[in-house]
Amino acid sequence: MTHTLPSMPTSRQPGCPFDPPKELIEAREHGPISRFPFPDGHQGWIVTGYDLARSILADPRFSSRRELMKHHPTVDYGDIEVPPAPPGEFLLMDEPQHGRYRKPLVGKFTVRRMRLLTERVEQITAEHLDAMEKAGPTADLVTAFAKPIPAVVICELLGVPYEDRGFFQENIDTFLGGEASDEEVGAAYVATQQYLAGLVAAKRADPTDDVLSDLTDSDLTDEELQGMALILLSAGFDTTANMLALGTFALLRNPDQLAALRTDPSLTDQAVEELLRYLTVAKQFFRVALEDVELAGHTITAGTTVIISLNTANRDPDRFTDPHALDIHRQDGGHLAFSHGIHQCLGQQLARVELRVALPALLDRFPTLRLAVPADQIPLRPEAADIYGVKSLPVAWDA
């Protein structure tokens, strides 16, 4: 008998802020795929198994096109017409449109180029740790450390003026944080697009040494450049910010792993990959079947929406030994935290550089770093948020 997940979980189990909701873990125990009845009556599916999730993400028979995403997992929007993604917003497109926008960016985010940024990321990190130490011995790690470091890095890469980064932080929080109204989200989106329109025009008139200026020397229109910049800013800021804060929280709650990392800094790369797997802040994606597809003994009919639960797939016991444990010595890599297939995260190497630099620097600067409030008082982003994380992380250290 096929398992059915009756509704999308709205919260995580008390005391388990790093684990996927228990309903998703239980669904995986029934098999890699479950039926999912959307609130509007559409009968879809949710995939919780690693192998199946990975195969769907690489399967061109499943679409990412925004205009096909007509069903919401928690809200019945009725018979709405969903427009195609605006020009440049390539995450919600298939080939060949997707490739038109992604291809010019690939060379800007190679492993080599991102490693060349390491020294600058070290400088930015040191500046924020200096300020945090000076203002201490307590801080909200989210506002003092986790948000500003990736914000400065991505703004410098794209050529966004330093003084405008707060504008982006606020607006991206609004449309990715899961707590704003539809009206507030719409207003933040419009304000950001208006700003980006001015920025693109400025780069065309007076190019500087940054990714956005480089892209103006192409056949891409201003509107397309706006959309691409929006994707890069939001993805480059919000995911890494939440990984830095939630990753620190996870290490502080796993003192044996924290001690192992402090003792042996050569474990940093492994620790970053394990935190990415363990936390999977970009927790789910959606795909729509373009034709009838056989999956795990089930027929997914054309037009059906499939939810891919990446955080549950990254806890699949058929793929990872003791999957619910944070283990920075783990050897079974290959997580899906950056997705897979043509939409695999373009900025993953940048995120890795930031995490590999900032986390060890934080732990080295503050050897006595600890939570300043009980763990169950740390406010979590709601499950409705596109990116999971903490809203604040009060910490303290010995002065």
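**View 1. Surroundings of Leu 233 in the predicted model.** Leaving out residues up to four places away in sequence, Leu 233 touches Ile 154, Cys 155, Leu 158, Val 160, Phe 168, Ile 172 and Leu 196. The structure shown here and in the views that follow is a predicted model. Leu 233 is also listed, together with Met 132, Phe 145, Leu 279 and Val 395, among those residues of the largest nonpolar core that touch the most other members, the core itself having 92 residues. Helix H11 gives the most to this core, contributing 17 residues.

**View 2. The crossing of helices H9 and H11.** Helix H9, which covers residues 182-205, and helix H11, which covers residues 222-252, have axes that come within 9 Å and cross at roughly 120 degrees; the crossing is right-handed. On the H9 side the contact is made by Tyr 189, Thr 192, Gln 193, Leu 196, Ala 197, Val 200 and Arg 204, while H11 supplies Asp 222, Leu 225, Gln 226, Ala 229, Leu 230 and Leu 233. By residue class, the contact of H9 with H11 comprises 8 nonpolar, 3 polar and 2 charged residues.

View 3. An open sheet is formed by 5 strands, which follow one another in the order E1-E2-E8-E5-E3 with mixed pairing. Strand E1 (33-37) and strand E3 (62-63) stand at the edges with a single partner strand each, and therefore one side of each has no neighbour in the sheet. Within the sheet, strand E5 (residues 284-289) and strand E8 (residues 305-309) pair over 5 bridges in the antiparallel sense, and Gln 284 stands opposite Ser 309 in E8. Helix H2, made of residues 50-57, lies across E1, E2, E3, E5 and E8, and runs at about 125 degrees to E8.

View 4. Leu 393 is placed in the loop between strand E9 (370-371) and strand E10 (394-396), and counts as buried because its relative accessibility is 0%, where the cut-off for burial is under 20%. When neighbours within four places in sequence are left aside, Leu 393 is in contact with Ala 139, Asp 140, Leu 141, Val 142, Ala 245, Thr 248, Phe 249, Leu 371 and Ile 378. Leu 393 and Gly 297, which are 96 residues apart in sequence, lie 44 Å apart in space from C-alpha to C-alpha.

Methods: Residues are numbered from 1 along each chain as its sequence is written. This is a predicted model: local features need pLDDT of at least 70, side-chain atom pairs count only at pLDDT 80 or more; totals for chains, interfaces and linings use all residues. Side-chain values use heavy atoms; hydrogens and water are left out. Two strands pair if DSSP finds at least two bridges between them. Helices (H or I, at least four residues) and strands (E, at least two) are DSSP runs, numbered from the N terminus. Contact means heavy atoms within 4.5 Å. Axes are lines fitted to C-alpha atoms, for helices over the stretch in contact, and angles run from 0 to 180 degrees between N-to-C directions. A crossing is left-handed if the near helix is turned anticlockwise from the far one by less than a right angle, and right-handed if clockwise. Ala, Val, Leu, Ile, Met, Phe, Trp, Tyr, Cys and Pro count as nonpolar, Asp, Glu, Lys and Arg as charged, and the others, Gly among them, as polar. Buried means under 20% relative accessible area, exposed over 50%, partly exposed in between (1.4 Å probe, protein chains only). A nonpolar core is a set of buried Ala, Val, Leu, Ile, Met, Phe, Trp, Tyr and Cys residues joined through side-chain atoms within 4.5 Å.
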